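Here is a briefing on one protein chain. Look over the sequence and the fold before reading on.

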Amino acid sequence: MIIKRDIYVDVSEHVGKKEITLIIGPRQAGKTTLMKMLQQQLQKEGKKSIFMSLDFEKDAVHFVSQQALLKKLQLECGATGGYVFIDEIQRKENAGLFLKGLYDMELPYKFIVSGSGSLELKEKIHESLVGRKKIFELSTVSLHEFLQYKTRYRYADIKEFCITHSEEAQQLLMEYINFGGYPRVILEDALRNKMDVINDIYSSYIEKDISYLLRIEKTESFKNLIRILASQSGRLLSFSELSSTLGISIQTVKNYIMYAEKTFILTLIPPFFTNVRKEITKSPVVYFNDIGLLNFISGKFGEIDQVYENGFFFQNVIFLLLKNRYSEGNISIHYWRTKDKAEVDFIIRKGMEIVPVEVKCSQCADVAIGRSLRSFIERYNPPKALIVNLSTKAEKKINDTTVAWTPWYELLP
């Protein structure tokens, strides 16, 4: 049974449009599988298509020039056109300009292109293809997709499953917290096999993406930095401390973290301030984009027995749920800290509207409101505040603010 991806419908609809369909995301997230599924659907409809990958030598020779590629396309699809799938486009130097030239020729071919995260994809391709492409970011398998797969797509609304089968849902949450969302990891049953796969994914990422970006073979400083960041997930970053610990410059630390962001390994969230200048200058908080990779780097892969004992892992999963839920529009995610050590895990900001989100890795049986959240509510008076927890659902009022205790599964799409 395949793992169905939520993004498939949106990408499928865009395949019928002239713009280049550009699918980006981390290595081994399932981009190639998604493209093969799209091609199979087109073939069922009797439409001509060709699948090429710059990872294959036999295909790479056709990307020496635009004319060389056109000869191949005419041979395979004919002059009347067809659908052209190009995988691992980041292997092509000046890929953005290459695709721009093809698009501007007004060819009878529709291009569906994918690539792992790199500076070439994130900046140069975006720059070159303004108005000529739509970007779809495919992350590793989300918690929603994981639950649907594990329950064999029996439930139209997976939230109802989580309510009705709370114990099983909790077990699946723990499995996701332990192993994360890389498709190959999910599809393996034995722990040893899962470990081998995640090790292969991480090694390949370091040896291919990072070595390519840094233009060096020795990547020890980068790997050491990632290990430290894994131990600080959900915590404030100090660039000066990282620089001192690693023995590299602050600028190098910042560059390495930028590379990790561009290759979809982690996300930095900024502080919440009403003063924008302060917001820009304060330290960020780091979260990993796949909880399984975070565990592997931390040495805890498959070893988390009780979710209660690992609050920061649960908090990282909640971040991923919020990130998926608020991925579009002018919505941003922040954290809040004060000098007197009051803190709120997440602040969802949409224009002038704000929603504080506190994460509690517990059942929250006593429905108590902590000092920090109460302090934020008194200072900013938001209409709503959330306390995301394992199972409790309740509401209380503080002045004009409705505080809602929300089980984790309520954040699912």
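How many bridges join strand 9 to strand 10, and do they run parallel or antiparallel? Five bridges join strand 9 (residues 343-350) to strand 10, and the two run antiparallel. Two strands count as paired if DSSP finds at least two bridges between them. Helices (H or I, at least four residues) and strands (E, at least two) are DSSP runs, numbered from the N terminus.

This is a predicted model, in which local features need pLDDT of at least 70, side-chain atom pairs count only at pLDDT 80 or more, and totals for chains, interfaces and linings use all residues. Residues are numbered from 1 along each chain as its sequence is written, and side-chain values use heavy atoms, with hydrogens and water left out.

**Overall shape**

- The chain holds 18 helices and 13 strands.
- For 413 residues, a compact globule would have a radius of gyration near 22 Å; the chain has 23 Å, which agrees. The radius is taken over C-alpha atoms, and the globule rule is 2.2 Å times the number of residues to the power 0.38.
- The C-alpha trace spans about 70 × 55 × 45 Å along its principal axes.
- Of the 413 residues, 54% count as buried. Buried means under 20% relative accessible area, exposed means over 50%, and partly exposed lies in between (1.4 Å probe, protein chains only).
- Take the contacts between residues at least 6 apart in sequence: 68% of them join residues at least 24 apart. Contact means heavy atoms within 4.5 Å.

- Five strands form an open sheet with parallel pairing, in the order 2-3-4-1-5.
- Strand 2 (49-53) and strand 5 (133-137) stand at the edges with a single partner strand each, so one side of each has no neighbour in the sheet.
- From one strand to the next, the twist averages 15 degrees. Axes are lines fitted to C-alpha atoms, for helices over the stretch in contact, and angles run from 0 to 180 degrees between N-to-C directions.
- Strand 2 and strand 3 (residues 82-87) run parallel and are joined by five bridges. Ile50 stands opposite Val84 of strand 3.
- Helix 4 (residues 66-77) packs on this sheet and touches strand 2, strand 3 and strand 4 (109-116). The direction of helix 4 makes about 140 degrees with that of strand 2.

**Strand 1**

- Strand 1 (residues 20-25) is mostly covered, with six of its six residues buried.
- Ile20, Leu22 and Ile24 are buried on one side of strand 1, and Thr21, Ile23 and Gly25 are buried on the other.
- Strand 1 pairs in the parallel sense with strand 5 over five bridges. Ile23 has Phe136 as its bridge partner in strand 5.
- Strand 1 also pairs in the parallel sense with strand 4, over five bridges. Here Ile24 has Gly115 as its bridge partner.

- Six strands form an open sheet with mixed pairing, in the order 8-9-10-11-13-12.
- Strand 8 (331-337) and strand 12 (394-398) stand at the edges with a single partner strand each, so one side of each has no neighbour in the sheet.
- The twist in this sheet averages 25 degrees from one strand to the next.
- Strand 12 and strand 13 (residues 401-407) run antiparallel, joined by five bridges. The bridge partner of Ile398 in strand 13 is Thr401.
- Helix 17 (residues 311-325) lies across strand 8, strand 9, strand 10 and strand 11. Helix 17 runs at about 5 degrees to strand 9.

**Strand 10**

- Six of the seven residues of strand 10 (residues 353-359) are buried, so strand 10 is largely enclosed by the rest of the structure.
- Arg349 stands opposite Ile354 of strand 10.
- The hairpin of strand 9 and strand 10 has two residues between the strands, and Gly351 takes a positive phi near 60 degrees there.
- Three bridges join strand 10 to strand 11 (residues 384-389), and the two run parallel. Glu358 stands opposite Ile387 of strand 11.

**Cysteines**

- The count of disulfides is zero, where a disulfide is a pair of cysteine sulfur atoms within 2.5 Å.
- Cys77 counts as buried, at 1% relative accessibility.
- Cys162 is in no disulfide; the nearest cysteine sulfur, that of Cys361, is 16 Å away. Cys162 also counts as buried, at 1% relative accessibility.
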